[in-house]
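Have a look at the structure first, then read on.

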Amino acid sequence: MFEAISNAQKSIYLEMYIFQDDMEEFDFFHLLKEKAKQGLWVKIILDPFGSAGLSENAISELKKAGVEVLFLSYLLHRMHRKVLVVDERIAFIGGVNLHQKSRFWNDLMVRITGNLVAKTVVSFIKSYTNAGGRDPILLDRNNKIAKARVNTWIVDDAPIREKFHFKRIYRKYLHKAQKSIILTTPYFMPKRWLSAMLHQAVLRGVNVEILVPKNTDHGFIMDRVNYFYIYKLSKLGIKFYMEEKMNHAKAIIIDKKEAMVGSQNLDFFSFDFNFEVGVFFKDLKAIAKLLEIIKEWKKDSVVFDSKIHKPKWFDYILSPLINLFSLFSRIF
């Protein structure tokens, strides 16, 4: 991503949940400023909560250099997307945030070239419009980009329009799985429909594996919630791999033939509230590479043992409270 921006000649479109000016080896903040000063079209969309660490002075520096900086937020709806498009020729979609803390996490980004980049540009323009962007040249691009016919596509969730494509896609592909389901997620708070579909897959004889970090970046409470749901679903026959290293990746692989990588977690925030994006693909070479990465991550993992990690008394209070919050927030 850093190299792509360094070689940019015309435009850089960036969407980030967390973007800060604290990175050392890969200083995206100063690189974007320099590119804007060189006359490139640089547009950034951020989440005001996730990127709260970016100071007003830093934002002012970006704008002074010529960067258009927008923030996208609607009440409880977070802009959780991670997208980069360079020169409308190369694009990246996945789970990587741009800040120093996440520099050493396991994570995934898909590098996109060819016809699908145009669809990524359209996806960015939708966010740009939702964030209040008004550049007529960029908005006009949305009407001129041709729709490509490929076995790969971009998945958008837009909660303000009540469009929840991720839920539909997960339902569809979990239901059609015949042999295997592999999931990676840092935060595991499945809604009842997701737990039910995973259980149904196990009952059909599908091998279901989920990779999660042993300890998350959000500390004790998030870890307890993760372990509570992991315990419940492990009793249903789902195998969980607990990684020593923080894993922030979000992916689903069905029967080793179809896969999606994106920004979505397996929690109610991603499925019901957040602006999310993913790239779905059937390219067997790309899937083989993804499976190779998963295999390496498993080597640094231990299989969850429900006999050792039993819920504590407060877990039975915490979990219902979170479910209640998700229902209340959805109504709100």
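## What counts as buried

A residue is called buried when its relative accessible area is under 20%, exposed when it is over 50%, and partly exposed in between. Take Asp272: its relative accessible area is 3%, so it goes down as buried. Keep those cut-offs handy, as they come up again below.

Across the protein chain, pLDDT averages 89, and 89% of the residues score at least 70.

Where pLDDT is low, the predicted coordinates should not be read in detail.

## Salt bridges across the chain

How many salt bridges does the structure hold? There are 15. Among them is the pair Glu15 and Arg81, whose side chains meet at 2.7 Å, N to O. That pair links distant parts of the chain, 66 residues apart: Glu15 sits in strand β1 (residues 11-16), and Arg81 is in the loop between β5 (77-78) and β6 (83-86). Both Glu15 and Arg81 are buried.

Back to Asp272, which has a salt bridge with Lys191, with the closest N and O atoms 2.9 Å apart. Here too, distant parts of the chain are linked: Asp272 belongs to helix α9 (residues 268-272), while Lys191 lies in the loop between β12 (188-189) and α7 (192-203), 81 residues away. There's also a network of salt bridges that share partners, joining Glu15, Arg81 and Asp156.

Glu258 pairs up with Lys176 in another salt bridge, the closest N and O atoms being 3.5 Å apart. This one ties strand β16 to helix α6 (residues 165-176), with Glu258 in the strand and Lys176 in the helix, 82 residues apart. Lys176 comes in at 38%, so it counts as partly exposed.

The loop between β15 (251-254) and β16 (258-262) contains Asp255, and Lys256 lies in that loop too. What is phi doing here? For Asp255 it is near 55°, a positive value in a residue other than glycine. Lys256 also has a positive phi, near 60°. Most residues other than glycine have a negative phi. As for accessibility, Asp255 has a relative accessible area of 16%, so it is buried.

How values were computed. Residues are numbered from 1 along each chain as its sequence is written. This is a predicted model: local features need pLDDT of at least 70, side-chain atom pairs count only at pLDDT 80 or more; totals for chains, interfaces and linings use all residues. Side-chain values use heavy atoms; hydrogens and water are left out. Helices (H or I, at least four residues) and strands (E, at least two) are DSSP runs, numbered from the N terminus. Buried means under 20% relative accessible area, exposed over 50%, partly exposed in between (1.4 Å probe, protein chains only). pLDDT is the predictor's confidence in each residue, from 0 to 100. A salt bridge is a side-chain nitrogen of Lys or Arg within 4 Å of a carboxyl oxygen of Asp or Glu.
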